[in-house]
Amino acid sequence: MTAPLDIEGPAAPPRSNGELVFAEPWESRAFGMAVSLHQAGAFTWQQFRAALIARIAAWETAPAQDEPYNYYQLWLAALEDVLVGLCTVSADEVTARAHALAQRPAGHDHRDDHDHHAH
């Protein structure tokens, strides 16, 4: 992996025993998208890291935090910020691509998309 991931600090991804931890399949996909785009030269890691830290700082200082802290929600928002900021894609296109990616059949992921709720 060529992305210089932080080990400590606000931009460091969640780890367990030194290994990256993903709670949901979409989190690993969001991670992979950012690393792949960086490796393809779409942006520097410093650009992405700065956007991620800014998103985390904004969440921490938000007066009303309706949603619990989720590192990869902020990661995805930072990726969108970087791509839109570089005029690589529009915000709508990022949203559409992210949605399409999330709907892809899993390879080795374990998906449980069918929660059965009483109606």
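Start by selecting helix α1 and colouring P25, E27, R29, A30, F31, A34, V35 and H38: these residues are buried. The model you have open is predicted.

Now show the whole of α1, residues 25-39. The helix has 15 residues, and the distance from its first C-alpha to its last is 21 Å. That is close to the 21 Å expected at 1.5 Å a residue.

Next come the salt bridges. Side chains of opposite charge can pair when their charged atoms come close. There are two salt bridges to find.

Select D6 and R49 for one of them; the closest N and O atoms are 2.8 Å apart. The pair links distant parts of the chain, 43 residues apart: D6 sits in the segment before β1 (15-16), and R49 belongs to helix α2 (residues 45-61). Is D6 buried or exposed? D6 counts as buried, because its relative accessibility is 15% and the cut-off for buried is under 20%. R49, at a relative accessible area of 26%, is partly exposed.

Then select D81 and R55, which form a salt bridge with their closest N and O atoms 2.7 Å apart. D81 is in helix α3 (residues 71-85) and R55 is in helix α2, so this pair ties together parts that are 26 residues apart in sequence. To finish, colour both residues by accessibility. D81 counts as partly exposed at 33% relative accessibility, and R55 is partly exposed with a relative accessible area of 32%.

Conventions:
Residues numbered from 1 in each chain as written. Predicted model: local features only at pLDDT ≥ 70, side-chain atom pairs only at ≥ 80, totals over all residues. Heavy atoms only, no water. Salt bridge = Lys/Arg side-chain N within 4 Å of Asp/Glu carboxyl O. Helix = DSSP H or I, 4+ residues; strand = E, 2+ residues; numbered from the N terminus. Buried < 20%, exposed > 50% of the residue type's maximum accessible area, 1.4 Å probe, protein only. Expected span 1.5 Å × (residues − 1).
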